[in-house]
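Good morning, and thank you for coming. Please look at the structure on the screen while I take you through two chains and the place where they touch.

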Amino acid sequence: MNRITQKLLGLVSGLSGRPGGAYNIREDSRCAGRQNSEHIRIEQKTDKPGIDIIVRAGTRGETVYIPACITHSAVDDLVYNDFYIAEGADVTVVAGCGVHTEGEADSRHNGIHRFFIGKDAHVRYLEKHIGTGGGTGKRIIDPQTVCEIAEGGLLEMDTAQIRGVDSTKRVTRARLERAARLVIREKIMTYGCQSAVTDFEVELNGTGSGTDLVSRSVARGESKQLFRSRIYGNAACSGHSECDAIIMDGAEVSAIPELTARHVDAALIHEAAIGKIAGEQIVKLMTLGLTEEQAEAKIIDGFLK
Amino acid sequence: MIVLELKGISFQTPERREILNEVGLRLEKGKFIVVTGPNGGGKTTLAKLISGIEKPSGGRIVFDGRDITDMDITQRARLGICYAFQQPVRFKGLTVRDILELAAGRFLREEELCGYLMEVGLCAQDYMGREIDASLSGGEIKRIEIATALAREAKLTIFDEPEAGIDLWSFNSLIGVFQALRKKGKSVMVISHQERILAIADEIVVLADGKVVRHGPKAEVFPTLLGEQKQSFCPRQEERI
């Protein structure tokens, strides 16, 4: 592992060195370290770049780390990671990607993740994206996540992209069976000329399935954001999506919700709010002794916390 | 010793409607002053002018011996002016702990948080992690606003209609909050119509039509007040009675 990877790992995964338990660290399209645990096996794919993460039935409370780091310009990384989570398992997956460029050429990480979540299994998926370095080359991260959640399964995705990523297109597709649930919390901040696209599509196929998709974002400078969510209610189910954005400077934010109910007991809701920071919020914090700039920073920090 | 002096303070809206007309007021340090008067008389504007949210169109404001007329909100807050809003502001993402720590200007230990929240009848365990967003009721957020004012430990605290939107139980504890501030010798200005708050004042200021129409010890002002306020709200009320 080189020095930049170590720094990026700290930023995206909170790691300071190699973790205990199962992990796979990807550095510039190569494996920089891998370890299995008693219950979690990580295997190299043979037909394409990537790994299979296999979690045994009944695994409880383990965390598997699979961060990816790009440490220089002119890297075009494509990886396919498949997660097989067996019945009743309860695990945390810490993914995340850091892209560092110093040169003029762009670098890109394109991670295609597929989750096969077994009956009554529970996965917490933490994903943080960050860009660093002073190069003019763009830092691009385009993750795709495809989830199939079996009866009673639960996937909680917590994703954050706070700085340094010039372009991102995040595509998430999910199919849920009976009583399965998908909860997504997304936080994005863009600035300068950055662009971020979020594209969720969830099919609620089983009776009692449900999803809750919440995106909070801040768009500054001349950046552009697009939030698109599609929920299909194909059974008696509940779906909620929410896009809450703070817009600043000359930025642009679009929210495009789409709800389709194909069952009389499908309860689907979408909420979207885009607006600037309320002046009264800044004034309130100034009456507590903060400057206008400090108040603005505090409001944004809290909003994206 | 005078903590706050308003010298000929006037305020007009951008449409040139006169809200305050050469208001003069001297508040003594450590006193509990209640400002009352009819709605639209300029009370909230007065509080906003003292805290710097609005700028006067004429006159000077002196706080703790310094002319603060040209200072901004932040500078005044740092000098020790605290303003508890009539309608508290909601923040997505900021928690009760966050706002109390911002008010105190430092990290607060759990027992300190507990102390401020207990004073307004809230349990710290239940509330310190709560976001100050739409999930809080009007009464809850009002109590948090008052706790925030307490955490400031300011030289002068202005409460703008603290009783608005809170239930009877909270109202009783609110009176307790004010009595505790008096005991500590804090200078407090409360904008209120509430008889029970007026009853614990050292001094009462009556503001009507943008002017101070009366200012004196509670014993002098309070007995005359009820009739005047009725008249201000509805001039024909007494005729009907």
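Let me begin with a definition: two strands pair if DSSP finds at least two bridges between them. Strands themselves are DSSP runs of E with at least two residues, helices are runs of H or I with at least four, and both are numbered from the N terminus.

Before we use these terms, two remarks on the source. This is a predicted model, in which local features need pLDDT of at least 70, side-chain atom pairs count only at pLDDT 80 or more, and totals for chains, interfaces and linings use all residues. Residues are numbered from 1 along each chain as its sequence is written, while chains are lettered from A and ligands numbered from 1 in the order in which they are written.

I turn to chain B. Here we find an open sheet of six strands in the order β6-β7-β8-β3-β9-β10, with mixed pairing. Which strands stand at the edges? They are β6 (81-84) and β10 (211-217) of chain B, each with a single partner strand, so one side of each has no neighbour in the sheet. From one strand to the next, the twist averages 15°. For angles, axes are lines fitted to C-alpha atoms, for helices over the stretch in contact, and the values run from 0 to 180 degrees between N-to-C directions.

The pairing of β6(B) with β7 (residues 156-160) of chain B is parallel and has four bridges. Within it, Ile81(B) stands opposite Leu156(B). Helix α1 (residues 43-51) of chain B packs on this sheet, touching β3 (32-36), β6, β7, β8 (187-191) and β9 (203-208) of chain B, and its direction makes about 150° with that of β7(B). Helix α6 (residues 138-152) of chain B also packs on the sheet, where it touches β6 and β7 of chain B, at about 175° to the direction of β6(B).

Is α1(B) enclosed or open? Nine of its nine residues are buried, so α1(B) is largely enclosed by the rest of the structure. Buried means that 20 or more other C-beta atoms, placed from the backbone, lie within 10 Å of the residue's own; exposed means 12 or fewer, and partly exposed lies in between. Among the buried residues are Lys43(B), Leu46(B) and Ile50(B). Just after the helix, Gly52(B) takes a positive phi of about 95°.

Now to chain A. Its pLDDT, the predictor's confidence in each residue from 0 to 100, averages 92.

Strand β11 (residues 122-132) of chain A pairs in the parallel sense with β8 (residues 90-94) of chain A over five bridges, and Thr92(A) has Arg124(A) as its bridge partner. β11(A) also runs parallel to β14 (residues 154-163) of chain A, with nine bridges; there, Lys128(A) is partnered by Ala160(A).

Finally, where do the chains meet? 17 residues of chain A are in contact with 18 residues of chain B, contact meaning that C-beta atoms, placed from the backbone, lie within 7 Å. The largest share of the chain A side, six residues, comes from α2(A). Thank you for your attention.

Key. Two residues are in contact if their C-beta atoms, placed from the backbone, lie within 7 Å.
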